[in-house]
Amino acid sequence: MVSISVVVPVYYGEIYIPDMIHQIEKCREYLQDEDYIEVIFVNDAPDAPLFCNWKSESVHINIINTDKNVGIHGARVKGLK
């Protein structure tokens, strides 16, 4: 079984998320049924929280909102934790 986690820092880029999920779903077609893919969106714009409006049957989606703007590196580290 393969486990893949994709950490995506987001800063006012909510409009790009549906296309990103679609592209990751396309990659899922090359994996086996028991393989697991998750996408962790780390919202680095605390005044614009992300809400889980996106659904996927083949990719698990998690959203983390930061308390303050920590920059791209800080958002990646928070997503890895």
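## Strands and pairing

Two strands count as paired if DSSP finds at least two bridges between them. Helices (H or I, at least four residues) and strands (E, at least two) are DSSP runs, numbered from the N terminus. In this predicted model, local features need pLDDT of at least 70, side-chain atom pairs count only at pLDDT 80 or more, and totals for chains, interfaces and linings use all residues. Residue numbers start from 1 along each chain as its sequence is written, and side-chain values use heavy atoms, leaving out hydrogens and water.

## The sheet

Three strands form an open sheet in the order β1-β2-β3, with parallel pairing. β1 (3–10) and β3 (60–65) are the edge strands, each pairing on one side only. On average, neighbouring strands are turned by 20° against each other, direction ignored.

β1 runs parallel to β2 (residues 36–43), and eight bridges join them. Ile4 has Ile37 of β2 as its bridge partner. Val8 stands opposite Phe41 in β2.

## The helices

Contact here means heavy atoms within 4.5 Å. Axes are lines fitted to C-alpha atoms, for helices over the stretch in contact; angles run from 0 to 180 degrees between N-to-C directions.

Helix α1 (residues 17–28) lies across β1, β2 and β3. Its direction is at about 160° to β2. Helix α2 (residues 71–80) also packs on the sheet and touches β1, β2 and β3. The direction of α2 makes about 145° with that of β1.
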